[in-house]
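Biologist: I would like to learn how to read a few local features. Please show me the model.

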Amino acid sequence: RDGDPWSGQLGLPGGRKSPADADLLSTAIRETFEEVGIDLPPSHLITSLDDLAPTTAVLPRITVRPFVFLLEDRPVLFPNLEVASTWWVTLEELLAPGVYGDYEITARDLALSRPGYRLQEGILWGMTERIITPFLTLLQRPVV
């Protein structure tokens, strides 16, 4: 949508903290429900990942804190008006050979080479790539 610097990109649910949110976890739970209809039980929280900020000066100065939940089932997605479409991506798809690499993308009429995941739906890159890649690395770490 006009004025949204992330419109047209593949991404995870998320948004700004509202005054009614007790903390950033509450924000993540609320935004996920609003955007894709998933009611995340706080008891299913596994961890939070490192805070991230945009790496370019043209984007708003925000801090993003990703949260990881483990759900027993894959819920049906109900996107709101902010979301053009929804789908699930499996870990196998993300970890498949040749999916992760540097890709040419276009953002704000600029051609850029950025790391990302080539999925059937498009290139997953930017802030979402910066959330997914450390998460996948964490999952592949040997348990001691």
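Biologist: Which helix does T32 lie in?

Modeller: First, the ground rules. This is a predicted model, where local features need pLDDT of at least 70, side-chain atom pairs count only at pLDDT 80 or more, and totals for chains, interfaces and linings use all residues. Residues are numbered from 1 along each chain as its sequence is written, and side-chain values use heavy atoms, with hydrogens and water left out. Helices are DSSP runs (H or I, at least four residues), numbered from the N terminus. T32 lies in helix 1.

Biologist: Is T32 buried or exposed?

Modeller: Buried means under 20% relative accessible area, exposed over 50%, partly exposed in between (1.4 Å probe, protein chains only). T32 has a relative accessible area of 9%, so it is buried.

Biologist: Which residues does T32 touch?

Modeller: Contact means heavy atoms within 4.5 Å. Not counting residues up to four places away in sequence, T32 touches P13, G37, I38 and L40.

Biologist: Where does E31 lie, and why does E31 count as buried?

Modeller: E31 is in helix 1, which spans residues 24–36. E31 counts as buried because its relative accessibility is 8%. Leaving aside neighbours within four places in sequence, E31 contacts G14, G15 and R16.

Biologist: What does E129 touch?

Modeller: Helix 3 (residues 126–140) holds E129. Its relative accessible area is 7%, so E129 is buried. Beyond residues up to four places away in sequence, E129 touches Y100, P115, G116, Y117, L124 and P134.

Note on methods
Helices (H or I, at least four residues) and strands (E, at least two) are DSSP runs, numbered from the N terminus.
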